[in-house]
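Student: Could we go through this model together? I'd like to start with a single residue and then widen the view.

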Amino acid sequence: MAETQDVVELILQDHRRMEDLFRQMRSVEADRSAALKEFADLLVAHALAEEAEVYPALKRYRNIDNEEVEHGEHEHDEGNEALLHLLEVKEVGSEEWDSKLEELVEAITHHTDEEERTILNGARENVPMPRREELGAAFLEDRARRLKDEPGSIENLRKVVNS
């Protein structure tokens, strides 16, 4: 899977995969349903693993803004809500589906851009590589465990959004 254990690079790899899945979900030639399922599972597992393993550790570093970390958690909630709205659309490729997809893309793109500029750059500059690798291993393990349970299912997402 990943050649690196650096948590910053691992998170960036997930962000790039999400962008690829957005392209597939927009493409009439792609299996949009399969792309959506992979995206949903990845997004939920990724966010929960960040919140469980990465964000709490980064809050301990002086030069990483706690408000940015908390804002990232809030944006995870917004992304989950946008994803739930897309999953609730009955017909893939319908006008409503395309509209909800664009709302999801906007929410996630905004979050990943901010996270990369603030939290991840702060981690790159202030967290020593051995610690970033420890966090990366914990992030990968947590994310893999969550991926086994289809975290992006509509039923699970309803629980996540309403909790």
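Student: Which helix does His71 lie in?

Tutor: His71 lies in helix α3, where helices (H or I, at least four residues) and strands (E, at least two) are DSSP runs numbered from the N terminus. This is a predicted model, in which local features need pLDDT of at least 70 and side-chain atom pairs count only at pLDDT 80 or more, while totals for chains, interfaces and linings use all residues. Residues are numbered from 1 along each chain as its sequence is written, and side-chain values use heavy atoms, with hydrogens and water left out.

Student: What is the relative accessible area of His71?

Tutor: The value for His71 is 30%, so the residue counts as partly exposed; buried means under 20% relative accessible area, exposed over 50%, and partly exposed in between, with a 1.4 Å probe and protein chains only.

Student: And what is His71 in contact with, leaving aside neighbours within four places in sequence?

Tutor: With those neighbours set aside, His71 is in contact with His110 and Glu114, contact meaning heavy atoms within 4.5 Å. His71 and His111 are 9.2 Å apart in space, C-alpha to C-alpha, although 40 residues separate them in sequence.

Student: Switching topic, how many helices and strands does the protein have?

Tutor: There are six helices and zero strands, and the pattern along the sequence is α-α-α-α-α-α. The radius of gyration is 16 Å, close to the 15 Å that the globule rule gives for 163 residues, so the protein is as compact as a globular protein of that length; the radius is taken over C-alpha atoms, and the rule is 2.2 Å times the number of residues to the power 0.38.

Student: Which residues have the most contacts inside the largest nonpolar core?

Tutor: Those are Phe22, Met25, Phe39, Leu83 and Leu104, in a core of 22 residues; a nonpolar core is a set of buried Ala, Val, Leu, Ile, Met, Phe, Trp, Tyr and Cys residues joined through side-chain atoms within 4.5 Å. The elements giving two or more residues to this core are α1 (7–26), α2 (32–58), α3 (66–87) and α4 (95–126), and the largest share, seven residues, comes from α2.

Student: What does Leu104 touch, beyond neighbours within four places in sequence?

Tutor: Leu104 is in contact with Phe22, Phe39, Gly79, Ala82, Leu83 and Leu86. A second, separate core of 18 residues includes Leu10, Leu12, Leu58 and Val69.

Student: What share of the whole protein counts as buried?

Tutor: Of the 163 residues, 42% count as buried.
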